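Please open the model in a viewer and keep the selection tool at hand.

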Amino acid sequence: MIVEVIPCLSDNYSYLIHEKESNTVSIIDPSEFYACEEIIKKYKKLDFILNTHHHSDHVDGNLMLKKKYGSKILAFGMEKDRIPGIDILLEENQTHKIGNLEFRVIFTPGHTKGHIAFFFMKEKIIFTGDTLFSLGCGRIFEGTHEEMFNSLNKIKNLPPETKVYCGHEYTKNNYEFCLEYDKDNTFLKKKKLFIDQKLRDKSPTIPTTIDDELKTNIFLRCDNESVKKNIGINNASDILTFKKLRDLKDSF
Ligand code: ZN
Ligand code: FE
């Protein structure tokens, strides 16, 4: 499974997946037609389009790509009225094959009501859209803090070596926030050096891994006593800690 990162708009990532054996080409969250088209050209086909959620910066390429390549569009059934051109309606926890690749649908509401992530079990790769970012998480637009917290917990429990491909390049702003409230985290300081180098090279800071995120992403560290202390809510529950962190981040 080859994953090509396609930078789109100002800070979005679309991803092209190529599975060689069956020569199946798919795109996750095509933000815009032209940027995706530049990469698809090499393969001369696009079999599938997978959408994590309905926001325009994740679906705007759907219809033009479908028209040009006759691709099938896969997205969460609940969002059938909001995903342009949807063909195949997915359900929570269902597994589905694209060529020889199999993924599981992980329902991750919070950012939007019908957000999903695509987890390729055998390859240990997840596409998280706007749920989990490198060192951050999505804003809560349609769901509740509880929903987002639970969605992140589902992702947390995947194998630690799982590679994470998210919907945006927000990593620099995210580490600045993490550092503000998790200053003594040595993993985070190390991760910052790695990210700074990537950004200097004008390379994506993606993918990250579940293991890295568990150690460095403050939104996955709501059970950590020093994080609680640093945001001034000693002894608070993990979900309250998450709420407070999300509020702080919203105005960061
Ligand atoms: Zn979004
Ligand atoms: Fe987005």
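Select Phe-120 and, in strand β10, Ile-125: these two residues stand opposite each other. The model on display is a predicted one.

**The zinc ion**

Proceed to ligand 1, the zinc ion. Which protein atoms are its donors? Select NE2 of His-53, ND1 of His-55, NE2 of His-111 and OD of Asp-130; these lie 2.2 to 2.3 Å from the zinc ion. Along the chain, the donors of the zinc ion follow the spacing H-x1-H-x55-H-x18-D. The angles among the four donor atoms run from 85 to 174°, and the site of the zinc ion is irregular.

Are they buried or exposed? His-53 has a relative accessibility of 0% and therefore counts as buried. His-55 has a relative accessible area of 18%; because the limit for buried is under 20%, His-55 is buried as well.

**The iron ion**

Asp-130 bridges the zinc ion (ligand 1) and the iron ion (ligand 2), and the two ions lie 3.1 Å apart.

Then centre the view on the iron ion, ligand 2. Its coordinating atoms are OD of Asp-57, NE2 of His-58, OD of Asp-130 and NE2 of His-168, at 2.1 to 2.3 Å. The spacing of these donors along the chain is D-H-x71-D-x37-H. The site of the iron ion is irregular, with angles of 85 to 171° among its four donor atoms.

Where in the chain do Asp-57 and His-168 lie? Asp-57 belongs to helix α2 (residues 56–59), whereas His-168 is found in the loop between β13 (163–166) and α5 (171–181). The pair is 111 residues apart and links distant parts of the chain.

Asp-57 is buried, its relative accessible area being 16%. His-168, at 4% relative accessibility, also counts as buried.

Note on methods
Residues are numbered from 1 along each chain as its sequence is written. Chains are lettered from A and ligands numbered from 1 in the order in which they are written. This is a predicted model: local features need pLDDT of at least 70, side-chain atom pairs count only at pLDDT 80 or more; totals for chains, interfaces and linings use all residues. Side-chain values use heavy atoms; hydrogens and water are left out. Donors are N, O and S atoms within 2.8 Å of the metal (3.2 Å for Na, K and Ca); water is not among the atoms, so sites may look incomplete. Four donors count as tetrahedral if all angles lie between 85 and 135 degrees; four count as square planar and six as octahedral if opposite donors are over 155 degrees apart and all others between 65 and 115; anything else is irregular. Buried means under 20% relative accessible area, exposed over 50%, partly exposed in between (1.4 Å probe, protein chains only). Helices (H or I, at least four residues) and strands (E, at least two) are DSSP runs, numbered from the N terminus. Two strands pair if DSSP finds at least two bridges between them.
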